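Work through the exercises below with the sequence and the model open. Each task is followed by its solution.

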Amino acid sequence: MYQIYKNSRDKAWEALIRCKIDSLPVNLMLIAKHYNIKVIKYSESKYVQELNIPDTDGFSLYKPILRKHIIYYNDNVQNNGRIRFTIAHELGHCLLGHNTKGHTNYRNSEIDNKEDPNETAANIFARDLLMPATVLHSLNMSSPEQIAEICNVSLQSAEIRFKRLTELNKRGMYNKHPLERQVYSQFKDYIDSNKQ
């Protein structure tokens with residue numbers, strides 16, 4: 001399980017660094033564009049309408065003919081933070097190589113699925129991409145509500161992240177990894193301007 005966590009976390013940090021993300025909320029469309037991943041709303045997709053899957057939050061697939069990943073998301077979901085988590089989660093599937101053989105991943109939960117390591121990995125990726133711990137720690141975030149607001153995520157996602165931040169705070173586990181230090185450095189001006 002630790003290897004899944006580590007790989008997902010590191011891939012999220014790499015995406016933030018490569019895409020030069022330096023402020024919150026994280027611009028997911030910039031990341032998708034950088035990696036040549038197309039993002040499509042359910043309401044604008046004939047493919048989704050043919051599949052008839054309106055109850056899911058989103059899914060991703062790889063089109064071998066186009067050599068392109070595509071993320072579809074349910075734009076009828078009322079919570080914009082949840083939509084953002086769905087897109088980040090599906091970016092995780094794409095960047096972690098979960099759907100390179102045309103496999104489709106459907107998403108309906110922000111809570112880790114212990115039976116599916118790919119779903120757990122994509123959730124970890126999404127949390128670390130949308131809510132980088134070193135940035136939140138440096139901003140002195142003291143509640144899930146603050147995290148939800150500054151990161152534009154659902155309260156459920158923010159509560160999960162806040163619980164993890166509390167554990168990291170107890171252990172003093174910030175900026176130990178070179179990639180995390182690079183993320184911190186990239187966000188430094190933003191942190192200095194927005195510290196609570």
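**Exercise 1.** Is aspartate 57 buried or exposed?

Solution. Aspartate 57 has a relative accessible area of 8%. The cut-offs are under 20% for buried, over 50% for exposed and partly exposed in between, with a 1.4 Å probe and protein chains only. Aspartate 57 is therefore buried. Finally, aspartate 57 and tyrosine 190 are 133 residues apart in sequence and 31 Å apart in space, C-alpha to C-alpha.

This is a predicted model, in which local features need pLDDT of at least 70 and side-chain atom pairs count only at pLDDT 80 or more, while totals for chains, interfaces and linings use all residues. Residues are numbered from 1 along each chain as its sequence is written, and side-chain values use heavy atoms, with hydrogens and water left out.

**Exercise 2.** Describe the pairing of strand β3 (residues 68-73).

Solution. Strands count as paired if DSSP finds at least two bridges between them. Strand β1 (residues 38-41) is parallel to β3, with four bridges; here lysine 38 stands opposite isoleucine 70. Strand β2 (residues 58-63) runs antiparallel to β3, with six bridges, and glycine 58 has tyrosine 73 as its bridge partner. β2 and β3 form a hairpin with four residues between them. In that turn, arginine 67 has a positive phi of about 50 degrees. Five of the six residues of β3 are buried, so the strand is largely enclosed by the rest of the structure.

**Exercise 3.** Which residues have the most contacts inside the largest nonpolar core?

Solution. A nonpolar core is a set of buried Ala, Val, Leu, Ile, Met, Phe, Trp, Tyr and Cys residues joined through side-chain atoms within 4.5 Å. The largest has 47 residues, and Leu24, Leu91, Leu129 and Leu136 have the most contacts inside it. Helix α4 (residues 80-95) gives this core its largest share, seven residues. A second, separate core has eight residues, including Val48, Ile53, Ile70 and Tyr72.

With contact meaning heavy atoms within 4.5 Å, and residues up to four places away in sequence not counted, leucine 136 touches Leu24, Met131, Met141, Ile147, Ile150, Cys151, Arg161 and Leu165.

Note on methods: Helix = DSSP H or I, 4+ residues; strand = E, 2+ residues; numbered from the N terminus.
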